[in-house]
Amino acid sequence: MNYLTNDKLVIVGAAGMIGSNMTQTALMLGLTPNICLYDVFSAEGVAMEMRQSGFDDANIQVTTDPKEAFTGAKYIISSGGAPRKEGMTREDLLEGNSGAAQELGENIKKYCPDCKFLVVIFNPADITGLVALVHSGLKPNQVATLAALDSTRLKEALAKHFGVSQTEVKNAYTYGGHGEKMAVFASPTTICGVKLLDVIAGKATVNGKGLTPDEWKKLQEDVTKGGATIIQYRRRSSFQSPAYLAVKMIEGAMGGEEFNYPAGAYADTSRYNHVMMALPTRITSDGIYQKPVLGTKEEIAALDASYEHLQNLRDQVIKMGRLPELDKWHEVNPNL
């Protein structure tokens, strides 16, 4: 197989369902033959399955030792936190997973400071990504969090409502926090070439169907609770979709297909700053870059509210001691 790179990819939390799916996806996409499976529990079973799947030329390393795992790593995807269970919010995982994120960042700074790109996907991803970024010493354009899953859930919901293929749904995006405080936008979206705003306003239909303002509000709510719905149906947190999207993000960073869904990025503008949040982005071999957020007055207000929620979560983590005070971040990470 021709691989995108021979650089070392570390999958943190590799023994879990997300980690094992990420491993298989990375190998199927031909990203790199050099993959290290790191977990506090042995991921040897995952490695055995991959070898038995016929990935004969892959060099799959398994370790529970962070020094062995991170030394020489150029790309890292981490699902190495506790999963969400039924009845829990992402925020319920804040304290424990913030600790895991701090350890992740410190391991990067200690063992692989020349890492090229990090994707953080364990919840609450906006906060865990921020904690990892601050402690890692990496540049802001080298760290991203999983936010595309909210946008793909919006795309699925709209396609179901109108009875069309998901390929007909364009620019269905959510921004802000990865959670029930996310801002679900309508203004960029078209379905079969028809503007979603025109459908909501009653000026157009798609496939003979409309979407009233009340129906749109309900659909938005359903999207924000998409993760909880998966748990209800599957009796476990989602693992296939976050695994696939996370690997597609790292593929973009490796110089493969550019990743254009919204991703969690470090916001540093006059309006939004000192947080990780879902923004219009692109991920290429040059890293993650942000594009301007465009929306209606109501959509920007919803994004402002989501940003305020993220600030509150960040401040809680500062009080826990997992992050320094804002004016001390530069001392820990000179790139901030």
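How many helices and strands does the secondary structure of the chain come to? And how many of the 15 residues of α6 are buried?

Reply: A word on the source comes before the count: this is a predicted model. The chain's secondary structure comes to 12 helices and 15 strands. Its radius of gyration is 20 Å, close to the 20 Å the globule rule gives for 336 residues, so the chain is as compact as a globular protein of that length. Along the principal axes, its C-alpha atoms fill a box of roughly 60 × 50 × 40 Å. Buried residues make up 53% of the 336.

Now to the helix. α6 covers residues 148-162. At 1.5 Å a residue, its 15 residues should span 21 Å. The C-alpha atoms at its ends are 21 Å apart, which agrees. Buried here means under 20% relative accessible area. In α6, 13 of the 15 residues are buried, so the helix is largely enclosed by the rest of the structure. Gly 163 follows α6, and its phi is positive, near 65 degrees.

Three strands form an open sheet in the order β7-β10-β11, with antiparallel pairing. The edge strands are β7 (169-170) and β11 (194-195), and each pairs on one side only. β10 spans residues 190-191 and pairs with β11 over 2 bridges, in the antiparallel sense. Thr 190 stands opposite Lys 195 in β11.

Last, the contacts. Of those in the chain with a separation of 6 or more, 72% come from residues 24 or more positions apart.

Technical notes. Residues are numbered from 1 along each chain as its sequence is written. This is a predicted model: local features need pLDDT of at least 70, side-chain atom pairs count only at pLDDT 80 or more; totals for chains, interfaces and linings use all residues. Side-chain values use heavy atoms; hydrogens and water are left out. Helices (H or I, at least four residues) and strands (E, at least two) are DSSP runs, numbered from the N terminus. The expected span of a helix is 1.5 Å times one less than its number of residues. Buried means under 20% relative accessible area, exposed over 50%, partly exposed in between (1.4 Å probe, protein chains only). Two strands pair if DSSP finds at least two bridges between them. The radius of gyration is taken over C-alpha atoms; the globule rule is 2.2 Å times the number of residues to the power 0.38. Contact means heavy atoms within 4.5 Å.
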